[in-house]
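Thanks, everyone. I'll keep this short: cavities, a pocket, domains and helix packing.

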There are 2 protein chains.
Amino acid sequence: MLKYQQIANEIEQYIHKQNLKQGDKLPVLEQMMSQYAVSKSTITKALELLERKGIIFQLRGSGIFVRRHNRPGYMSLFSTQGFKSNLGDRILTSDVLDVSVMKPDALVAENLGIDVTDDVYRVERVRYVDGEVLCHEESYYVKAIVPYLNREIVADSIFDYVQSALGVTIGFSDMYLQVGRLTESEAVLLGLEEDDPTLRIETIFHLSNGKPFDYSRITYHYEHSQFVVQANGPYM
Amino acid sequence: MLKYQQIANEIEQYIHKQNLKQGDKLPVLEQMMSQYAVSKSTITKALELLERKGIIFQLRGSGIFVRRHNRPGYMSLFSTQGFKSNLGDRILTSDVLDVSVMKPDALVAENLGIDVTDDVYRVERVRYVDGEVLCHEESYYVKAIVPYLNREIVADSIFDYVQSALGVTIGFSDMYLQVGRLTESEAVLLGLEEDDPTLRIETIFHLSNGKPFDYSRITYHYEHSQFVVQANGPYM
DNA sequence: TTGTTAAATTGTACCGGTACAATTATACTT
DNA sequence: AAGTATAATTGTACCGGTACAATTTAACAA
């Protein structure tokens, strides 16, 4: 692991262990330099990472402060999307409805940048947090990149498997959000009624080399899903 | 303007003018260094900014490539939230329903980190994109930070005014998303029916010194709002 | 042609430095 | 006590460098 990542983790741990709250001040940069015995730019890089994650904010001339939102029930929009799990103490489980190899339809192929004659894995799951229905997920993996999947892998974290077993790294993703109404079949799976409101998120996940490898459609249970997104002004 | 910001802008312009698409390659780092006559770290910083904005991705050993999502109808979730307007060619207008000074209720005061005896500006608007109803917005500004507002300012971009006229800088924001059903009064304003689906976003905007100055509740017209969020893997 | 090895290309991690801007603390005045 | 100038603190911009890892290209062998 890289130094600046390691340091970022340790600082994050420190904040949690000390139970620091919004506005609490962290040690100054120079002290961190000597504490971790690295150069200023390495500390800066670690802090920048934490800033992007919404864990701290820095104020020139003043110091480094803890940033923390105050709504326990909300999940990070990104945590449910395959990235670093940030669900805290909540337990995520899955019912696997389907894992199979197939040919993609035109829409799926287009989103994955492949041909309709190429193979994809289709995975269908219903996911739960602490036993409550969270969402219905239908996702497609490019078989050329993810050559093998089974129900055990899929019941767990697919992304962990892909990264550790296949040695590929996930780079970035495009998420498309839209509110709509449930179809009858979706309603059954989520334990709701037809035409009930829902949040639909389509996501295209890319490897770090820019190639799409996963296209997924998620339909959320509107009563069990609330999300937080922490944004940093100048960058968006 | 800072060098690295300036360079980031110029590169962004270049991408648009050349109409580069996903996967197209940009000049290599070393060439950019000489072209803009700055050091490597300044170019790196500019590129990092563009990477965060979802405009490029970098690939060690290979080059710098354009990243571009391919769904024209979708607005960036952040563009409608006061940050850098990225709506492209679409025109954003507002009906101002209310601009007044008042005392906040307990909930608003809590979200703004102030006392119920402190003054706030209450702003209520209906916003349109290209003439279509986009959302209903109710927002509260800490009067101690934003001492004056009127209907002209509010009809335009409040954030531009706050930053340029008041000389404060916006630092970061926490957004809370939730799907629900419209109340009758909301439905009237949006031209929909009661109990229709809707996306509700509450946002707390902070200055760069960490102080909250704006708490807003937005209710979106579910048929006229679709959002894109571009995420970068390792940072979330 | 196909695969393998070696070399060149190219971005990233990390160092250490100077200058500076924003904030906060201090000393001083009124 | 309250304002005002001054100094100290503290993070950010920018420079220029070395080493290195990932990728691509070129050279080579089977």
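Start with the lining of the second largest cavity: by class, five nonpolar, one polar and one charged residues. Here Ala, Val, Leu, Ile, Met, Phe, Trp, Tyr, Cys and Pro count as nonpolar, Asp, Glu, Lys and Arg as charged, and the others, Gly among them, as polar. Keep in mind that this is a predicted model, where local features need pLDDT of at least 70, side-chain atom pairs count only at pLDDT 80 or more, and totals for chains, interfaces and linings use all residues. Residues are numbered from 1 along each chain as its sequence is written, chains are lettered from A and ligands numbered from 1 in the order in which they are written, and side-chain values use heavy atoms, with hydrogens and water left out.

Which residues line the second largest cavity? They are A:Thr80, A:Leu92, A:Arg127, A:Leu134, A:Cys135, A:Ile218 and A:Tyr220. Strand 7 (132-142) and strand 10 (212-221) of chain A each give two or more of them. Strands (E, at least two residues) and helices (H or I, at least four) are DSSP runs, numbered from the N terminus. The space inside is about 40 Å³. The structure holds four cavities of 30 Å³ or more.

On terms: on a 1 Å grid over the protein atoms alone, a cavity is a set of points where a 1.4 Å probe fits but cannot get out, and a pocket is an open set with protein on both sides within 12 Å along at least five of seven lines; lining residues have an atom within 4 Å of a point. Grid points are joined across faces, edges and corners, and a volume is the space filled by probe spheres set on the points.

Next, the second largest pocket. Its space is about 320 Å³. It has 18 lining residues; closest to its centre are A:Gln22, A:Arg68, A:Asn70, B:His206 and B:Pro212. Helix 4 (106-112), strand 8 (170-181) and strand 9 (197-207) of chain B each give two or more residues to that lining. The classes are five nonpolar, nine polar and four charged.

Domains now. Chain A splits into domain 1 (3-66) and domain 2 (75-228), with bounds from an automatic or database domain assignment. Their centres, over C-alpha atoms, are 33 Å apart.

Last, helix packing. In chain A, the axes of helix 2 (residues 29-36) and helix 3 (residues 40-52) come within 9 Å and cross at roughly 110 degrees. Axes are lines fitted to C-alpha atoms, for helices over the stretch in contact, and angles run from 0 to 180 degrees between N-to-C directions. Helix 2 and helix 3 of chain A are therefore roughly perpendicular (65 to 115 degrees; under 35 is roughly parallel, over 145 roughly antiparallel, the rest oblique).
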